[in-house]
Amino acid sequence: MSTPSPHGRSRIAALALVLAAASALTLTACDDSGGSSTSSSTPSAPDTASFSGNAASALASAEASARAKASELAASASAAASSFEASVSAEVERANKAAQTELAKVDGQGNAMSDVTMTGKPRSETGGLLAVVVTIANKTDRTASYAVQVDFLDSSGKAVETRYVGAEDLKPGEKAQPVAVSRKPAEPVLTPQLAKAQRY
């Protein structure tokens with residue numbers, strides 16, 4: 001004898017539940033004297049031929065609907081995260097362009113070299129890219145913006161790549177730590193150097 005499928009078992013269980021409820025109603029319709037109540041108060045048995053087992057289907061439909069809603073919410077959260085990331089990247093790019101524009105006006109190294117330091121990031125944390133954290137500290141007593149140029153030098157000391165980072169409206173004593181990232185291949189090895197720093 002074959003074992004009923006899970007769908008078949010669900011339908012059998014639902015049918016048994018309906019029949020049990022009908023039996024209970026029939027029993028409660030009888031009075032204590034052994035006589036049956038009037039026909040108007042006797043419930044009729046359900047027409048089991050018309051029972052389709054849709055209870056299990058309704059549950060499956062509700063589950064599918066819940067999954068679809070959860071998937072929709074997850075997609076919405078992912079889109080919001082992507083939008084935020086794009087907005088942050090756009091803001092960083094804008095600040096870097098402003099720094100480049102400001103440094104184009106500067107002769108020499110600029111007036112804020114002593115306000116800037118650099119620390120290398122391990123390549124294991126950058127996917128193999130050469131990156132440096134540029135720490136900018138506003139050591140003045142007024143709000144200021146900063147523009148910084150980082151050159152990446154080859155073994156002969158020639159600048160083969162230049163990156164610009166900036167920090168805007170730093171309050172006195174406040175710090176910012178933008179990251180300058182080289183897009184050159186890992187070989188040959190390049191050395192980052194602070195080339196210019198301007199406070200404006």
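A residue is called buried when its relative accessible area is under 20%, exposed when it is over 50%, and partly exposed in between (1.4 Å probe, protein chains only). The model is a predicted one, in which local features need pLDDT of at least 70 and side-chain atom pairs count only at pLDDT 80 or more, while totals for chains, interfaces and linings use all residues. Residues are numbered from 1 along each chain as its sequence is written, and side-chain values use heavy atoms, with hydrogens and water left out.

The overall layout comes next. The protein contains two helices and seven strands, where helices (H or I, at least four residues) and strands (E, at least two) are DSSP runs numbered from the N terminus. Along the sequence, these elements follow the pattern α-α-β-β-β-β-β-β-β. With a contact taken as heavy atoms within 4.5 Å, residues 24 or more positions apart account for 67% of the contacts with a separation of 6 or more.

Strand β1 (residues 116-120) runs antiparallel to β2 and is joined to it by five bridges, with V116 standing opposite I136. Strand β6 (residues 179-181) is also antiparallel to β2, through three bridges, and A180 in β6 is the bridge partner of V132. Two bridges link β2 with strand β5 (residues 175-176), again in the antiparallel sense; here I136 has A176 as its bridge partner.

In soluble globular proteins, nonpolar side chains tend to be buried together. V148 touches, among others, V116, V134, I136, Y164 and L194.

Polar residues can be tucked away too. Q149 lies in strand β3 (residues 144-153) and is buried, at 11% relative accessible area. The side chain of Q149 makes a polar contact with that of D151 at 3.0 Å; such a contact is a pair of N or O atoms within 3.5 Å, where within protein one must be able to donate a hydrogen and the other to accept it, and residues adjacent in sequence count only if both atoms are side-chain atoms.

Charged pairs complete the picture. The structure holds five salt bridges, each a side-chain nitrogen of Lys or Arg within 4 Å of a carboxyl oxygen of Asp or Glu. In one of them, R163 and E161 have their closest N and O atoms 2.9 Å apart; R163 is partly exposed at 22%, whereas E161 is buried at 9%. Another joins K105 to E102 at 3.3 Å, with K105 exposed at 59% and E102 buried at 16%.

Methods:
Two strands pair if DSSP finds at least two bridges between them. Lists of a residue's contacts leave out its neighbours within four places in sequence.
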